[in-house]
2 protein chains.
Amino acid sequence: MAEFTHDAAPRPRTPALDGLITAILGGTGEQGRGLARRLAMAGHPVIIGSRSRNRARATAQEVGHGICGLANRDANLVIVAVPYEGHGELLAGLAAELAGKIVVDCVNPLGFDQGGAYPMPVPEGSAAQQAAALLPGSRVVAAFHHVSAVLLLDPEAQTLDQDVLVLGDDRAATDLVQALAARIPGVRGVYGGRLRNCRQIESLTANLVSINRRYKAHAGLRITDI
Amino acid sequence: MAEFTHDAAPRPRTPALDGLITAILGGTGEQGRGLARRLAMAGHPVIIGSRSRNRARATAQEVGHGICGLANRDANLVIVAVPYEGHGELLAGLAAELAGKIVVDCVNPLGFDQGGAYPMPVPEGSAAQQAAALLPGSRVVAAFHHVSAVLLLDPEAQTLDQDVLVLGDDRAATDLVQALAARIPGVRGVYGGRLRNCRQIESLTANLVSINRRYKAHAGLRITDI
């Protein structure tokens with residue numbers, strides 16, 4: 001796990017994913033369940049975190065693929081897939097438990113009205129920056145904002161045709177999350193910039209909602225020329 | 001020109017581009033010159049607007065393809081490709097001249113420091129919303145934010161591999177601009193939402209700058225599943 005703790009140390013171009021144990025906070029929601037399913041299908045141990053141990057266990061059984069509904073303590077990478085409401089409160093209470101871990105925030109702070117989706121203001125700029133402020137002992141990365149939960153959970157969708165933008169200020173951590181994203185068939189993990197440029201990535205989900213409505217689609221992004 | 005003035009009237013699925021005369025404000029800059037070149041290559045009359053009539057004429061001669069460096073008055077569609085600095089002041093002074101026209105804003109309010117590019121605050125939310133506030137008599141659309149000026153101007157780049165996101169609150173106007181964008185070989189014009197969701201589209205250019213640095217590319221966007 002040297003690549004988790006030594007930024008300056010030389011590392012292989014594709015970081016090793018061996019030994020990675022992922023926990024998903026909000027793993028009983030659509031996005032969390034979908035990510036759990038795809039990562040477990042790729043052979044990665046996944047823990048579904050939930051406030052309710054029974055609900056976590058039930059979701060784990062439903063999703064299958066060897067997912068277990070246990071504690072987050074044993075994970076070295078934690079994906080935050082909770083609603084924005086309560087996001088800050090939840091993370092503030094987990095700062096000690098999440099210290100030393102890579103925390104992947106995929107939360108989109110969106111509101112909805114008759115005109116569709118729109119970005120909600122976040123005091124820290126973005127959900128990911130809020131996570132970074134609340135978790136000073138963790139290595140916060142942002143990713144998986146635009147992946148459709150419907151496609152993640154669709155047994156007919158063998159591969160997903162999209163890139164996952166991965167943002168963060170810690171190169172080894174973003175490299176690792178890019179490699180993890182690429183374990184989902186069809187997905188590339190693409191570096192998307194520093195955390196200070198995360199707000200527009202989270203907000204862009206509102207545009208994808210508009211695109212989905214207009215085109216009756218599950219729109220995703222590809223980055224060209226790379 | 002019925003499709004310019006009658007939102008509620010039935011219109012063809014692909015709006016007619018016949019009779020469209022495009023003027024480019026800031027047509028002597030990289031982005032403006034590149035768009036002028038590509039639209040003129042596609043057979044559309046393009047006027048290069050500039051504060052300096054001589055500079056506009058010189059750019060028009062340099063770019064060729066029948067571009068003329070004359071007044072904006074005869075255009076029915078005006079592309080705003082100026083730097084964000086001075087954007088509001090320029091448009092405020094043109095409100096009467098631009099009334100009745102479709103105004104396509106492609107301005108990205110970005111700052112740059114040692115960490116790369118980042119979005120600058122805009123009182124109205126985005127450059128396009130600023131344009132809409134300053135030009136109550138115009139039909140403001142936002143588009144062409146992510147198209148690389150280098151590729152637009154590159155004679156070797158026969159086609160561009162990317163989608164142009166087109167945002168606006170006026171369906172006929174966004175349809176027209178989508179069709180116009182599609183006149184650039186390789187480009188699709190994709191509806192991207194209402195103007196209130198334009199800030200993240202403009203800001204996303206900062207992420208593309210990061211991607212270009214990391215991957216040594218001229219990154220563009222494609223929307224999948226549509």
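A:Asp163 is buried, with a relative accessible area of 3%. Buried here means under 20% relative accessible area, exposed means over 50%, and partly exposed is in between, with a 1.4 Å probe and protein chains only. What does A:Asp163 form a salt bridge with? The partner is A:Arg188, and the closest N and O atoms are 2.7 Å apart. A salt bridge is a side-chain nitrogen of Lys or Arg within 4 Å of a carboxyl oxygen of Asp or Glu. A:Arg188 lies in strand β9 of chain A and A:Asp163 in strand β8 of chain A, so the pair ties together parts that are 25 residues apart in sequence. A:Arg188 counts as partly exposed, at 28% relative accessibility. Both residues belong to a network of salt bridges that also links A:Asp161 and A:Arg222.

A word on the source. This is a predicted model, in which local features need pLDDT of at least 70 and side-chain atom pairs count only at pLDDT 80 or more, while totals for chains, interfaces and linings use all residues. Residues are numbered from 1 along each chain as its sequence is written, chains are lettered from A and ligands numbered from 1 in the order in which they are written, and side-chain values use heavy atoms, with hydrogens and water left out.

Now chain A as a whole. Chain A has nine helices and 10 strands; helices (H or I, at least four residues) and strands (E, at least two) are DSSP runs, numbered from the N terminus. Of its 226 residues, 59% count as buried.

Next, helix α8. In α8(A), 10 of the 11 residues are buried, so the helix is largely enclosed by the rest of the structure. Among the buried ones are A:Ala172, A:Leu176 and A:Leu180. A:Asp170 caps the N-terminal end of α8(A), with a side-chain oxygen 3.2 Å from the backbone nitrogen of A:Ala172. A:Asp170 also forms a salt bridge with A:Arg139, at 2.7 Å between the closest N and O atoms. That pair links distant parts of the chain, 31 residues apart: A:Arg139 is in strand β7, and A:Asp170 is in the loop between β8 and α8. A:Arg139 and A:Asp170 are buried.

On to the interface. In chain A, 41 residues are in contact with 41 residues of chain B, where contact means heavy atoms within 4.5 Å. The two chains bury about 3,200 Å² between them, 51% of it on carbon and sulfur atoms. Buried area is the accessible area (1.4 Å probe) that two parts lose on being put together, summed over both. A:Arg196, A:Arg214 and A:Thr224 supply 20% of the area that chain A buries against chain B, more than any other three residues.

How many salt bridges does the rule find across the interface of chain A and chain B? It finds two. In one of them, the side chains of A:Asp113 and B:Arg196 meet at 2.9 Å, N to O. A:Asp113 is partly exposed, with a relative accessible area of 30%, and B:Arg196 is partly exposed, with a relative accessible area of 30%.

Five bridges join β10(A) to β10 of chain B, and the two run antiparallel; strands pair if DSSP finds at least two bridges between them. The bridge partner of A:Gly220 in β10(B) is B:Thr224.

Technical notes. A polar contact is a pair of N or O atoms within 3.5 Å; within protein, one must be able to donate a hydrogen and the other to accept it, and residues adjacent in sequence count only if both atoms are side-chain atoms.
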